[in-house]
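Biologist: Can you walk me through this one? Please keep it quick.

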Amino acid sequence: MTSRSEQGAARSQTAGQIHNVDIWCFSLNRNRSELSELRRHLSADEIDRASRFIAPIHGDRFIVAHGRLREILASCAGCLPAILQFERSDTGKPYLCGRRAEATPLHFNLTHSGEVAAIAVCRTAEVGIDVEQVRPVSEGLARRYFSSAETEGIADLPEAQRLAAFFRCWTRKEAFVKATGEGIRRGLHSFTVSVAPDEAARVLSIDGDNEAGRAYCLENFEAGEGYAGAVCVATGAAGHGAAFTLREST
Ligand SMILES: CC(C)(COP(=O)(O)OP(=O)(O)OC[C@H]1O[C@@H](n2cnc3c(N)ncnc32)[C@H](O)[C@@H]1OP(=O)(O)O)[C@@H](O)C(=O)NCCC(=O)NCCS
């Protein structure tokens, strides 16, 4: 199931540090035996969360997403999936804790939408990832969530390109607020990402500062037919870069 392909060339023209980000993107649809295998990795809390979904399919998808998260992090840390311990930041971003996390620092982030989930892992910097199922959207939605520069950038495109641009923008914004850990609290109008098809993925401004976005690298990745995906890494300073590798794809 593992396929490797380089996504987004490392910004190697920079003299600074390159942060390596691995991405796993996979289907949440599994057969009963895979599901019970993945369930075995989960903590009592996670099993409890899975049991609280009203529709059983959502509980099963939660088990797959969190079971795969544990498998992937355990393979990076060199331990068993079930021994990993998680905590959440004040803003809700999950992180690894306990002795294993001290021995092998790992930054990660998880996203799920429809039948697809994706996980980003980086050893050296905070990451955020987002996948969205592409679906029809109303015109007002961009104005509600996006900055005026983003809304205008999308409106200026030929109609046939607007839906793809909308989800390119949405996933980039979500990946950014998940990398910072602020989530929706950041205020989605407070920063602007690039949206045009011929423009590299970038955070263009944060709170009106046109330089602040240089402390982040953004990239879109192939999330499967009917899905859009983006990943963001907090490289920390202008001049540092990132290399994104798609390890597994749906
Ligand atoms: C968590 C949040 C950051 C993303 O939520 P989402 O897009 O609905 O869901 P995703 O599947 O991408 O991410 C959920 C996962 O992110 C992780 N997460 C939770 N809080 C997080 C935070 N503050 N920062 C980073 N990751 C977080 C968790 O692992 C969570 O999975 P879990 O609930 O199964 O444990 C949410 O706070 C948010 O900002 N929602 C806004 C959605 C929106 O209105 N977007 C408008 C278009 S830009």
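**Packing, sheet and ligand shell**

Modeller: Start with helix α6. Its buried residues pack against α5 (139–145), α7 and β8 (191–193). This is a predicted model, where local features need pLDDT of at least 70, side-chain atom pairs count only at pLDDT 80 or more, and totals for chains, interfaces and linings use all residues. Residues are numbered from 1 along each chain as its sequence is written. Helices (H or I, at least four residues) and strands (E, at least two) are DSSP runs, numbered from the N terminus.

Biologist: Which are the buried residues of α6?

Modeller: E150, T151, G153 and I154, in a helix that spans residues 148–155. Buried means 20 or more other C-beta atoms within 10 Å of the residue's own; exposed means 12 or fewer, and partly exposed is in between, with C-beta atoms placed from the backbone.

Biologist: Why are they on the same side of α6?

Modeller: Because they cover an arc of only 160 degrees around the axis. That arc is taken from the directions from the helix axis to the C-beta atoms.

Biologist: And which exposed residues are on the face turned away?

Modeller: S148 and E152.

Biologist: Switching to the sheet. What is the strand order?

Modeller: β7-β11-β10, an open sheet of 3 strands with antiparallel pairing. The edge strands are β7 and β10 (217–221), each pairing on one side only. Strands pair if DSSP finds at least two bridges between them.

Biologist: How many bridges join β7 to β11?

Modeller: 7, and β11 covers residues 227–233. D130 stands opposite A230 in β11.

Biologist: What lies across β7, β10 and β11?

Modeller: Helix α7, running at about 150 degrees to β7. Axes are lines fitted to C-alpha atoms, for helices over the stretch in contact, and angles run from 0 to 180 degrees between N-to-C directions.

Biologist: Now the ligand. Which residues come nearest?

Modeller: G92, K93, T111, G183 and I184, of the 20 residues around the ligand. Near means a C-beta atom, placed from the backbone, within 6 Å.

Biologist: Which element gives the most to that shell?

Modeller: α7, with 5 residues. By class, the shell has 7 nonpolar, 8 polar and 5 charged residues.

Biologist: Last one, R100. Where is R100 found?

Modeller: In helix α4, residues 99–103. R100 is partly exposed, because 18 other C-beta atoms lie within 10 Å. Leaving aside neighbours within four places in sequence, R100 is in contact (C-beta atoms, placed from the backbone, within 7 Å) with A77, C79, I83 and L84.

Conventions. Two residues are in contact if their C-beta atoms, placed from the backbone, lie within 7 Å. Ala, Val, Leu, Ile, Met, Phe, Trp, Tyr, Cys and Pro count as nonpolar, Asp, Glu, Lys and Arg as charged, and the others, Gly among them, as polar.
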